[in-house]
Amino acid sequence: MNTDFAIQVEDLVTHYGPVKILDQINLAINPGEIMIIMGGSGSGKSTLLRHLLGLHTPTSGSIKLLGKDITKVSPTEMHDLRTNMGVSFQGGALISSMTVGENIQLPLREHTKLDESTMGIMARMKLEVVNLGGFEDLMPSQLSGGMIKRAALARAIVMDPKMLFFDEPSAGLDPVAASELDDLILKLRDSMKMTIVVVTHELESAFKIADRITVLDHGKILLTGSVSEVKNSSIARVQDLLNRRSRHDQINADEYMDRLTGET
Amino acid sequence: MADVDDERIRNSVENLGRVVVAFVSEFGYYLALVYESFYWVVAGPFKRQPVRFAAAVSQMVEVGIAALPIVFVLSFAIGVMLAIQGVHTLKQFGAETQVVLGIALSVTREFGPLITGILVAGRTGSALAARVGTMQVNQEIDALRVMGINPVRYLVSPVLLAMLVMMPAITLFSDLAAMLGGAVYCNAGLGLGYVAYWDQGTAFITANDVMQGLLKSMVFAVIITLIGVSNGFSVSGGAEGVGRATTRAVVLAISYIVLADMTFTYFLNR
């Protein structure tokens, strides 16, 4: 078995209540790779991300981060792993009662014993990385959507994590801001050798930054492959996603009737 | 006909079962939350996740110091009311001067902690539910967890500590303010001097009476914190959800405070 993967998911099955969300997910991500997880709404891509982050307990299967199975590790080991993970949430999720600078210093303050001025310098350095130099004293509510996402990214990388996760990085951003964020993701991988997982349904940005793409649909992986493999895939559902076509699922008359009458 | 009756009975039994299960699971959740909050206070430093003293102090200011003006006003008014009612009642027995005993006992044992509890439930309980609920909606709680910051340790433990210190302190303050309210009325209405009032009052009440009130206030502190925080954590459904959780937190906290107060009074006075 190859243990060199940064992230390895095996036979992951998850439920939300009685509903099965993810079904037999197998995924392996190499160190320093940018993996895009793509899929339509309700495909389970966000759920997969939340499981990678250890926010939910799966029904079965294993999730290995840096070789450690997070479904089995002790709280202390999970704690250590978390200092090696950076996450940029869809809405940024900056703590709204703290300034931008305090937000970015938060992981340092909680996990290190650095003195105040060092933490200040490190926070300002990361703000420079995301082109937000001089914004540390503003409150998150005073920033625009794109700035919040970049500030959240600065917080995610302040501990120099080995793994970086993005949830819909370009959602709600104008094309220029989205493209800048893509460049930033590439720059981070090149300069800091991070393993990066991005969940998105934005095709353009996916093709721009991806090393490999995993396409999810209805909780199952349709395919995992390079950009050209995905583009040239013969799977109908993948082509639907790529060409923005409406899905052409056949309607089952009996099931449709049951749904309407509420008998299922 | 019998079938319809059967079904109705089955439905009501099923509903009763659901309510009981929901109640037991919520109560269990409260207990787990209390346990976890204290766990982090004690074990946090050994797990490299200490509860921040500074956070607890800033909460103390927020919960306690900031509440003092309104506590004073309400407690003072309660003291005046007690004096008016006491004098009115005792006049029928020609025992107006005994009013000080009535005020001192009811304030320290009952009204001080109760008025403080209701007020803090309205101020801090709602604020907690709204704050934690908004953080939940904005994924800030998730962000804390993925940063390796336990939300209970970071958000709940400091508040619980602050509440346990400040509730008795504000209650004591409330006792004094209510006694002062009574004194002002007695001075104006009965011509009772302040020194005489104070001497009479302190002669009657024992340390036990005051302690009873303070003990109650600590129970209220736990109730307010838990209900506020747990309603915040369970928010789903955006801004409307936050509003619902806030309302629920205040109503539940006040209800539990009154019920706990009654239970306490019953057992402590047997």
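Colleague: How many helices and how many strands does chain B have?

Modeller: In this predicted model, chain B has nine helices and zero strands, where a helix is a DSSP run of H or I with at least four residues and a strand is a DSSP run of E with at least two, both numbered from the N terminus. From the N terminus on, the elements of chain B therefore read α-α-α-α-α-α-α-α-α. Residues are numbered from 1 along each chain as its sequence is written, while chains are lettered from A and ligands numbered from 1 in the order in which they are written. As this is a predicted model, local features need pLDDT of at least 70 and side-chain atom pairs count only at pLDDT 80 or more, whereas totals for chains, interfaces and linings use all residues.

Colleague: What share of the residues in chain B is buried?

Modeller: Buried residues make up 42% of the 270 residues in chain B, a residue being buried if 20 or more other C-beta atoms, placed from the backbone, lie within 10 Å of its own, exposed if 12 or fewer do, and partly exposed in between. The C-alpha trace of chain B spans about 65 × 65 × 35 Å along its principal axes.

Colleague: Why is helix H2 of chain B called oblique to helix H6 of chain B?

Modeller: Helix H2 (residues 53–63) and helix H6 (residues 151–190) of chain B pack at an angle of about 50° with their axes 8 Å apart, the axes being lines fitted to C-alpha atoms over the stretch in contact and the angle running from 0 to 180 degrees between N-to-C directions. Angles under 35 degrees count as roughly parallel, over 145 as roughly antiparallel, 65 to 115 as roughly perpendicular and the rest as oblique, so H2(B) is oblique to H6(B). By class, their contact has eleven nonpolar, one polar and no charged residues, where Ala, Val, Leu, Ile, Met, Phe, Trp, Tyr, Cys and Pro count as nonpolar, Asp, Glu, Lys and Arg as charged, and the others, Gly among them, as polar.

Colleague: What makes helix H4 of chain B oblique to helix H7 of chain B?

Modeller: The axes of helix H4 (residues 99–137) and helix H7 (residues 194–204) of chain B come within 9 Å and cross at roughly 55°, and that angle makes H4(B) oblique to H7(B). The contact joins B:Val100, B:Leu101, B:Ala104 and B:Leu105 of H4(B) with B:Tyr197, B:Gln200, B:Gly201 and B:Phe204 of H7(B), two residues being in contact if their C-beta atoms, placed from the backbone, lie within 7 Å. These residues divide into six nonpolar, two polar and no charged.

Colleague: How do you know that B:Gln139 is buried, and where is its place?

Modeller: B:Gln139 has 21 other C-beta atoms within 10 Å and so counts as buried. Its place is in the loop between H4 and helix H5 (140–146) of chain B, and its phi is near 65°, a positive value in a residue other than glycine. Most residues other than glycine have a negative phi.

Colleague: Why does A:Asn131 count as exposed?

Modeller: A:Asn131 has 12 C-beta neighbours inside 10 Å, and therefore counts as exposed. The residue is in the loop between helix H4 (116–129) and H5 of chain A, with a positive phi of about 60° although it is not a glycine.

Colleague: What makes helix H10 of chain A lie largely in the open?

Modeller: Of the nine residues of helix H10 (residues 253–261) of chain A, the number buried is zero, and this is why H10(A) lies largely in the open. H10(A) is followed by A:Gly262, whose phi is positive, near 70°.

Colleague: Why are strands S6 and S10 of chain A said to stand at the edges of a sheet?

Modeller: Six strands of chain A form an open sheet in the order S6-S7-S8-S3-S9-S10, with mixed pairing, two strands being paired if DSSP finds at least two bridges between them. Strand S6 (85–88) and strand S10 (220–225) each have a single partner strand, so one side of each is left without a neighbour in the sheet. Strand S7 (residues 163–167) and strand S8 (residues 195–200) of chain A run parallel and are joined by five bridges, with A:Val199 in S8(A) as the bridge partner of A:Asp167.

Colleague: How many residues of chain B are in contact with chain A?

Modeller: Eleven residues of chain B are in contact with 17 residues of chain A. On the side of chain B that touches chain A, the residues divide into four nonpolar, three polar and four charged.
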